[in-house]
Amino acid sequence: MSVDKFTLLKTSCVPLPNENVDTDQIIPARFLKATSREGFGENLFRDWRFSSSGEPIKDFVLNQAEYSGKVLVAGKNFGSGSSREHAAWAIHDYGFKVVVSSFFADIFRNNALNNGVLPIQVSADFLSSLFNAIEKDNAQKVIVDLEKQELTYNNESCSFEINPYKKDCLLNGFDDIDYLINKKEKIQDFEK
Amino acid sequence: MTLYIYYKLRNSKIEFTKYTTLKATTLFDKVWDAHVVEHVEGGPDIVYIDKHLIHEVTSPQAFSGLEARGLKVFRPERTIATPDHNVPTVNQHLPISDEQSRTQVETLKANCEKNKIEMYGLNHPNNGIVHVVGPEQGHTQPGMTMVCGDSHTSTHGAFGAVAFGIGTSEVEMVFATQCIMQSKPMKMRITVDGELSKGVSAKDLTLYVIAQLGTGGATGYFVEYAGSAVRSLTMEGRMTVCNMSIEMGARGGMIAPDETTFEYMKGRTHAPKGEAWEEKLAYWKTLKSDDGAEFDKEYSFKAEDIEPMITYGTNPGMGMGITQSIPAEADIPVSELPSIKQSLAYMDYQLGSQILGKKVDYVFLGSCTNGRIEDIRAFASLVKGHKKVDAITAWIVPGSKKVEKQAIEEGLVEVLEASGFELRQPGCSACLAMNEDKVPAGKYSVSTSNRNFEGRQGPGSRTLLASPLTAAAAAITGVVTDPRDFL
């Protein structure tokens, strides 16, 4: 499954300032029974988003019409806990292309990258001023330039890190399996 | 300058690779570096995987992805399958009633048959939780690289393996090439010296460490556990400690193999035998961090400072000694206050309040953290001569068929039954509540599992993580109780 090519993005944001958002919140275990990758978006943040009777919870950001966009801005230590890639699938399926946080859990970071979702780690200060900007203006736009490794809003800008290999994969829509298959010979040599 | 000799083990052939190095190396480096096929310039390492464990929940999309690429499983003999996450813990002889769960388990079976992967299906004598089964069958061995689409794969690090959880795309990678692409983590050593007090177990040790470091405190690191308190743990205790590494964000945790390890492994079905055993043993004995090896971060703790632990919040880092109180507002950094308040609101607990005596509704003994025979023994030893409180629902779930059998043979089931408990059938059960074993909304569960996230044990459920002894004490009193009162 190759991933979508990541292009320059200009979009509004969805703020979720909660810290330590674990993958059980992103997609609860009872929704992991599917055998395909599709459709997880409808249950993204299920128990924060809907009541037990299935009514949308008005206070939750995904139910607030004034917030939309392809960038999820989240509190620190996003994606901790279970390795379920379903969390990355749910975020991707819902329509997010980028998650911005001041800290990511390792497995989630890899899972996101493997699905063409870019995790952008920024400083705690930058994150907090971005939250403030979104609070002031619900339609606050950000620009994500992967080529330049730059996240910009208004006149604020910060660079972010990504290893050159993964950057190349995202820009070109390659995935690790494409890369590894070309290394088959080397792998077989290693086995000897 | 020191000369280090490394053995490379491939397909049971042994090669000796000699090279010199100026630097003392860590256990983690020794195992990781011996498995690097290639370092991608400016990117991750291509790491060869010795053993791949799979289960029904995180593998189906990997199999279908592989098929869509027109590929087959490259090294099926290096993969072991067992359904565990989504299976009922009663009436396993009957077809699974939940349609989606049944489909998932049947899909695993069909995929394994098609790709010639060994599977321990439901009712197979080797079936059980993947991280219980691997070690007890001797699949888990020192010096191996092991992965599974499950974050608690770190369990296998107890044997000196580099073992970590991966996502489904990575499962597909391992199917396709027996390798994954992974940036090498940083190294952390956590040393716990001294002697654990009476009533304090491996689970308390790990909950203590996580409470000190916090839920993200080891993110980016691979942890080695060392020190006399760790050394004196049994293999099952070591597995409990390594299992929980991910709960402070670590990719994995490992412990250098020693006589305790070799004693546990000898004679296991898939452990090497005869001459092969001796050869591997010689290699395994080299698997330890050299004196002077450098870690990116080190922590030291004293075993005597640890009392029975319990969590009060909604991540595993929110733990404390059972006699202590939930932090008061004045003791919490301002930046952390909102998330702690949110967590306590979910738990319906107050800042500064005591945890002892709080009401409990459910008790769960089981999971890849504490579902082994020593855990059932500990639980049974405490409840013996007492009765389960009527209002408590207790689920005692063995980690595997083998654990179940042993519990019956040792007479533990009789002890449990005399006290009003029953032993269920193996599976992940209420640890993640994918099956019917769900704690209802608002109810409190003292659980020997590994996560107390919101809704983890069922929507709205409230989880208090603890050891098997603390779970047992809650089951016979109906409230949070110091297990030392019964020892």
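Predicted model: local features only at pLDDT ≥ 70, side-chain atom pairs only at ≥ 80, totals over all residues.
Figure 1. Q149(A) belongs to the loop that links β5 (141–145) to β6 (150–153) of chain A. Although Q149(A) is not a glycine, its phi is positive, at about 55 degrees.

Figure 2. The loop between α15 (412–418) and β19 (444–447) of chain B contains S429(B). S429(B) has a relative accessibility of 0% and therefore counts as buried. The phi of S429(B) is positive, about 55 degrees, although this residue is not a glycine.

**Figure 3. The largest nonpolar core and a second, separate one.** The largest nonpolar core comprises 108 residues. The residues with the most contacts inside this core are F45(A), F78(A), V100(A), L118(A), L151(A) and F379(B). Helix α16 (residues 468–477) of chain B gives the most to this core, contributing 7 residues. Beyond the residues up to four places away in sequence, F45(A) touches L16(A), V21(A), Q25(A), I26(A), F60(A), L62(A), L72(A) and F78(A). In soluble globular proteins, nonpolar side chains tend to be buried together.

**Figure 4. D150(B), a buried acidic residue without a salt bridge.** D150(B) is located in the loop between β8 (145–148) and β9 (162–165) of chain B. D150(B) is buried, yet takes part in no salt bridge. The nearest side chain of opposite charge is that of R451(B), 6.4 Å away, whereas a salt bridge is counted within 4 Å. With neighbours within four places in sequence left aside, the contacts of D150(B) are S83(A), H55(B), H85(B), H131(B), G165(B) and I166(B).

Figure 5. Strand β3 (residues 36–39) of chain B runs antiparallel to β4(B) and is joined to it by 3 bridges. H39(B) is placed opposite D45(B) in β4(B). The hairpin of β3(B) and β4(B) has 5 residues between the strands, and G42(B) in this hairpin takes a positive phi near 70 degrees. Strand β10 (residues 179–182) of chain B is likewise antiparallel to β4(B), with 4 bridges joining the two. M181(B) in β10(B) is the bridge partner of I46(B).

**Figure 6. An open parallel sheet in chain B.** Five strands form an open sheet in the order β7-β6-β5-β8-β9 (chain B), with parallel pairing. At the edges stand β7 (118–119) and β9 of chain B; each has a single partner strand, so one side of each is left without a neighbour in the sheet. Strand β5 (residues 51–54) of chain B pairs with β8(B) in the parallel sense over 3 bridges. K51(B) stands opposite M146(B) in β8(B).

**Figure 7. Helix α11 of chain B and its packing.** The buried residues in helix α11 (residues 337–347) of chain B are L337(B), I340(B), S343(B), L344(B), Y346(B) and M347(B). The buried residues of α11(B) pack against β19 and β20 (462–465) of chain B.

Figure 8. C169(A) is in no disulfide, and the nearest cysteine sulfur, belonging to C179(B), lies 16 Å away. C169(A) is buried, with a relative accessible area of 5%. The closest cysteine sulfur to that of C112(B) is in C148(B), at 12 Å, which is too far for a bond because a disulfide requires sulfur atoms within 2.5 Å. C112(B) is buried too, with a relative accessible area of 2%.

**Figure 9. Surroundings of S68(A).** S68(A) sits in the loop between α2 (46–49) and β2 (71–74) of chain A. With a relative accessibility of 41%, S68(A) counts as partly exposed. Apart from neighbours within four places in sequence, S68(A) is in contact with S12(A), C13(A) and V14(A). S68(A) and G95(A) are separated by 27 residues in sequence and by 9.9 Å in space, C-alpha to C-alpha.

Definitions and conventions
Residues numbered from 1 in each chain as written. Chains lettered and ligands numbered in written order. Heavy atoms only, no water. Core = buried A, V, L, I, M, F, W, Y, C linked by side-chain atoms within 4.5 Å. Buried < 20%, exposed > 50% of the residue type's maximum accessible area, 1.4 Å probe, protein only. Contact = heavy atoms within 4.5 Å. Lys, Arg positive; Asp, Glu negative; His and termini not counted. Pairing = 2+ DSSP bridges.
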